[in-house]
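Okay, thanks for coming, everyone.

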Amino acid sequence: MNLLETEPAYSREVRARRHVRIRRAKQFLRPLPRKATLHRWPILKRFAETARKRPYLWSFRQREVSIALYIGFVITFLPLVGIQFILAFAAALTLHANLPVIMGTQLATNLATM
């Protein structure tokens, strides 16, 4: 017997909506720094070894993501244009926040603040 035959219709719809949300999030996060692509970023490559050793920088739990969103928006509005990447990385390390999310919010809102 197939799993889809025994599964209720509402459960399939919930799984389908969840799958769409996950794919949308992955598509948004694709150009952001990851463990594997950290060495390609000009400033972050100096801190790549440190970042790879800390798993909380890559965790997408609610605590890490909410801290990263808040700190990313705060760093964006600071008038320190040249060192925002370094500040975001240091904040992610000290506050145990998600690094891709903090970089993404900082990059996405930089255009509006400039």
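This is a predicted model: local features need pLDDT of at least 70, side-chain atom pairs count only at pLDDT 80 or more; totals for chains, interfaces and linings use all residues.

Ile67 counts as partly exposed, at 22% relative accessibility. For the cut-offs: buried means under 20% relative accessible area, exposed means over 50%, and partly exposed is in between, with a 1.4 Å probe and protein chains only as cover. Ile67 is found in helix 4, and helices here are DSSP runs of H or I with at least four residues, while strands are runs of E with at least two, numbered from the N terminus.

Residues are numbered from 1 along each chain as its sequence is written, and side-chain values use heavy atoms, with hydrogens and water left out.

Okay, the overall picture. How many helices and strands are there in the chain? There are 6 helices and 0 strands, so to speak α-α-α-α-α-α from the N terminus on. Along its principal axes the C-alpha trace spans about 60 × 30 × 25 Å. As for burial, 32% of the 114 residues in the chain are buried.

Let me do a few more of these pairs. Phe28 lies in helix 2, and with a relative accessible area of 52% Phe28 is exposed. From Phe28 to Ala68 the separation is 40 residues in sequence and 16 Å in space, C-alpha to C-alpha. Then His39, in the loop between helix 2 and helix 3 (48-52), is partly exposed at 43%. His39 and Phe60 are 21 residues apart along the chain, and their C-alpha atoms are separated by 21 Å. Thr50 is in helix 3, partly exposed at 31% relative accessibility. Thr50 and Leu93 are 43 residues apart in sequence, with 9.3 Å between them in space, C-alpha to C-alpha.

On to charges. Side chains of opposite charge can pair when their charged atoms come close. The rule for a salt bridge is a side-chain nitrogen of Lys or Arg within 4 Å of a carboxyl oxygen of Asp or Glu, and by that rule the count comes to 1. Which side chains meet in a salt bridge? Those of Glu64 and Arg61, at 3.1 Å, N to O.

Patches are made of residues with over 30% relative accessible area and no salt bridge, with like charges joined within 9 Å and nonpolar side chains (Val, Leu, Ile, Met, Phe, Trp, Tyr) within 5 Å. The areas come from the Shrake-Rupley method with a 1.4 Å probe, and for residues only the protein chains shown count as cover. Arg17, Arg18, Arg21 and Arg24 gather in a patch of positive charge on the surface. Lys and Arg count as positive and Asp and Glu as negative, while His and the chain ends are not counted; the place of a charge is NZ of Lys, CZ of Arg, CG of Asp or CD of Glu. Arg21 is found in helix 2 (residues 9-29).

There's a nonpolar surface patch too: Leu78, Leu80, Ile83 and Ile86 make one of about 300 Å². Leu78 lies in the loop between helix 4 (62-76) and helix 5 (84-95), and is partly exposed at 34%.

Last stop, His96. Most residues other than glycine have a negative phi. Phi of His96, though, is near 55 degrees, a positive value. His96 is in the loop between helix 5 and helix 6 (99-113), partly exposed, with a relative accessible area of 34%.
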